[in-house]
Amino acid sequence: METTCIMCPMGCALTIEEQDGVVKVRGNTCPRGEKYGVNEYVDPKRMVTTLLKVKGGGVLSVKTSEPFRKAQVSAVLQAAAKVLLDRSYKAGEVVVKDVAGSGVDLIATADLIFGEKA
Amino acid sequence: MNVYDVIVIGGGVVGTAVLRSLAAYKAKVLLLEKSSDVACGSSRANSGIVHAGYDAESGTKKAYFNVKGAAMFPSLTAELDVPYQKVGSLVAARKEGLSALEVLRDRGVRNGVKVEILGRDAVRALEPNIADDIEYALYAPEAGVVSPYQLTIAFADHAVTNGAEVRLEEKVIALSKEGALFSVRTEKEVYAARFVVNAAGAGAAEVNALIGEEPYQETHAVGDYYILDHKEAGVVRTVVFPLPDERGKGILVAPTADGNVILGPTSRKVPHEEAERNAVTAEGLLAVREGAARLMKGVNVRSAIRVYAGTRTAVGGDFIIEESAKVPGFYMLLGICSPGLTSAPAIGEYVAEEAAKKLSLEKKEKMIPLPKAFRFRESSAEEIAAKAKEDPAFGRIVCRCEKVTEGEIVRAVHSPVPAKTVDAVKRRVRAGMGRCQGGFCQPRVMEILSRELGIPMTAVRKGDAGSEIAPYEVKDGYETL
Amino acid sequence: MKHFDVVIIGGGPAGMAAALGAREEGASVAILERDVRLGGILNQCIHNGFGLHYFGEELTGPEYAARFREKVLADRGVTVYLEAMVLSLTEERNVTAVSPTQGFIELSAGSIVLAMGCRERSAGAIGLMGTRPAGIYTAGMAQRLSNVGGFLVGKEAVILGSGDIGLIMARRMTSEGAKVKLVMEIMPFSSGLKRNIVQCLQDYDIPLRYSTTVTRVTGKERLTGVYIAPVDEKLQPILEKEEYVPCDTLLLSVGLIPENDLLTGMDVEMSPVTAGAVVDEYRQTSVSGIFSAGNVLHVHDLVDNVSEEAFIAGKSAAQYAAGKLSQGECVSVAAGEGVRYVLPQRVHKGEGKVRLYFRVNKVYRGKSVVVRSGDELLKRKKTMVLAPGEMQQIEIEKSLIKGDISVALEE
């Protein structure tokens, strides 16, 4: 696998391979890069922020409660696309629990007053 | 079927000028425009110059209507509340250009235009930033600058206020005459009229062809322009032209009536299908920069807030302003290129008189004036305070660059010729015409249009059909990533 | 005319932090904000990545804004004017504004903090060639339509400019239902964060082409496509290599301009490099009593730095209004080799520390940042890599200042 290290502006081009059960990172110039590379190979995680539609118009911004498996990003976004909110929410409130079986929740990042257009 | 005394085809400055002059008569008049607003063709993208009248050969229609039209501007623009300033013009020449200036001067004198040739110092007294090698200039104090689209809109609004009708997004697709009545078919309706005026601008030859009149050979030239930020306004005081050549009056540098600086245009011949696509080209802009630099010092193109192109349509050397010999009652206004804007008020009056004679129309005792619009940026603190108290929307600034309030935008949406698109709002109140070019206000203008017109945000357009700005909701038709 | 110790123009991250800074000194504060709520552009930046430095946790824009907003609104010493557009400002610190609820507003101030933020460069400003259809937006405009309104501007997009807003919008368009075909950058490097290149483009297989620009656009009512071409060393497009990319949307992320129009006609010394005012370490401009902070002063990459800077400006403005701001002898701070600008541009001699912020003019590897005052070396810091997109900082002791200061890169 090839990727770019994001630990500093250097942006080292990393090549990550598994040999005999050991994950090897090449191209890094520091230990942080190695750790990043291993993580990206073994268990890459991402936060997702997105918009949920509100019945009658408008959107609510949400985020995942924490980073979750990158492979599930698409499923989370798909699930978010199907949501139609029909009540008010406070920032910080859980809007969708365990979204798409990812183990993380979608949390409101702003207040939504239902019935009031943005 | 609705029978009109006169139907005007085309809502440019010429068509709307005719309509407004017709509205002075007791007559049922209608204007049909193919676009979503008036002033969508050449009347939107041109130099906005009120020419003094020394360019056209004496004895031509161009000369006649130019001189007559220019004289109408001061009172006309005051009456219609349209930005206009009589700033005067200079045709700048180098040493070797004196004899060419003398030709222009003599023609100006023959045309009845106030002109004089100024020497080096006198030129600099008027225009301190003129290029160093300019030795002489032909000065025409009666020349001016006007907002061409605001003039067109005001003509249309004034006409509608006085009983005329304007129908937008109705392109004429068939035209015939049976007996005394014309049948005018658009994509939506069929109308009948006793008299038809073809003021379709770049499409006028096509309209001619619809009724079997001569489809005159048109030539279309596209010209590129720069508009500079208000902060450059001091760089030029008058309209500064180079010596004209065979392609036209050349690349000018001038203040605009709204306080910006305009540079341009180039002149690039294009085929009919390219006309009004108005694509800006890199070569064109380079030519504008070079042309401007030959005339003036200190023109800072880095302050450009917009570049655009406009089409000018000509038919031979002179305007065609005449009734069809083949089809009586069909009045042709073709090839109204420069000085068409200047000539428009005079052409409007003339054509209305011709129609009135033909149809025995009686003049109204008086016309209802257009109310003077509140413009935030031109108002005093006291006026602003009073207006905001009366309606809070006049205290809510939507376009911060040009200081346009929500109240002004709402009024534009509900004006006699309603602004139904973001561009139509922009042309009426200047929201989005400033240095950020709508970056800040466009979503807000869209919200106001959506609310006032009762249409969804996704249906709000920039201009004509198909120009929806945000046509989808988020997650619409969401598919697998 | 109402009087406040400190009047702050703009209620975004800078304005709110300035208010809190001024309140720490006990000043009476007014904020003039043109939108319907405090928070500025953060309200539409719904992605995460804010606050790691300032709050020690990762927040989204609305959350970061809310933290400040709640504090500001809870403080009775701060008067907030919403939907208030400032019309004029004088060197005597009189401010006029207008709002729908208050009408014409006139305020006088002991000191002023400018916190108006910045605006995006437009298609007009970059001289985009071709037609003028719908479908061309600044990235921020598309962001507002999507994140505040819930509207998507198109389905097939290309993006010009790889600054952070462009990268963030590439991901946003994708996650809201559009296909982003390409991101182009005229420079041979991105001014965006590496993290955004990976997580906004690579994660979604969006290609990024360097040294490439849009040569012209096509379409009459709606955009139908763009012509793109690589550029030479002088950034001029190589037209023989032009190619056509069909699309219905072009987003522009081609630079931010500090919104200093209000200063036109005032005697505030401006920096031609930052397009903001020239300031001292208090963020005081050349006109005494007028302070500047945040993106109106210089364009930041991290909002955390904006908050920090604005807090200093607000606190100092309050001290000025109370006649307590010590202002002794000043030295100038200049950008040396490899450095595009340093801020503040002036520093007073005295006690304590001052942090210098600077940006480099291109990507450098293995250079040392060297700060000199007069002939003396104040600091030397070895670095791995320095990129123009990331603001750098270095702290110095004021007591060591001997003469004019320079910040430069050396081997």
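Are C:Glu281 and C:Lys398 buried or exposed? In this predicted model, both residues are buried. They form a salt bridge, with the closest N and O atoms 2.7 Å apart. C:Glu281 lies in the loop between strands S19 (256–258) and S20 (290–292) of chain C, and C:Lys398 in the loop between strands S29 (392–397) and S30 (405–410) of chain C, so the pair ties together parts that are 117 residues apart in sequence.

A second pair in chain C involves strand S29. The side chains of C:Arg355 and C:Glu395 meet in a salt bridge (3.5 Å, N to O). C:Arg355 belongs to strand S24 (residues 353–360) and C:Glu395 to strand S29, so this pair ties together parts that are 40 residues apart in sequence. C:Arg355 is partly exposed, at 31% relative accessibility. C:Glu395 is also partly exposed, with a relative accessible area of 30%.

In chain B, the side chains of B:Glu452 and B:Arg451 form a salt bridge (3.1 Å, N to O). B:Glu452 counts as partly exposed at 25% relative accessibility. B:Arg451 is partly exposed at 47%. Over all chains, the search finds 68 salt bridges.

Salt bridges also cross the interface of chain B and chain C, where 6 are found. One of them joins C:Glu83 to B:Arg396 (2.4 Å, N to O). Between the two chains, 14 residue pairs are in polar contact. Several elements of chain B each supply at least two residues of the side that touches chain C, among them helix H7 (282–295), strand S18 (304–314) and helix H12 (442–453). The largest share, 5 residues, comes from H12(B).

The contact takes 53 residues from chain B and 46 residues from chain C. Together the chains bury about 4100 Å², 61% of it on carbon and sulfur atoms. B:Arg400, B:Tyr472 and B:Val474 supply 14% of the area that chain B buries against chain C, more than any other three residues.

Strand S2 (residues 29–32) of chain C pairs with two other strands. S2(C) runs parallel to strand S1 (residues 2–9), joined by 4 bridges. Here C:Val6 has C:Val29 as its bridge partner. The chain crosses from S1(C) through helix H1 (residues 13–24) to S2(C), and this β-α-β crossover is right-handed. S2(C) also pairs with strand S5 (residues 78–81) in the parallel sense, over 4 bridges. C:Ala30 stands opposite C:Thr79 in S5(C). From S2(C), C:Val29 and C:Ile31 point one way, and C:Ala30 and C:Leu32 the other way. All four are buried.

Notes. Residues numbered from 1 in each chain as written. Chains lettered and ligands numbered in written order. Predicted model: local features only at pLDDT ≥ 70, side-chain atom pairs only at ≥ 80, totals over all residues. Heavy atoms only, no water. Buried < 20%, exposed > 50% of the residue type's maximum accessible area, 1.4 Å probe, protein only. Pairing = 2+ DSSP bridges. Right-handed = clockwise from strand over helix to strand, strands pointing away. Contact = heavy atoms within 4.5 Å. Buried area = accessible area lost by both parts, 1.4 Å probe. Salt bridge = Lys/Arg side-chain N within 4 Å of Asp/Glu carboxyl O. Polar contact = N/O pair within 3.5 Å; in protein donor to acceptor, adjacent residues only side chain to side chain.
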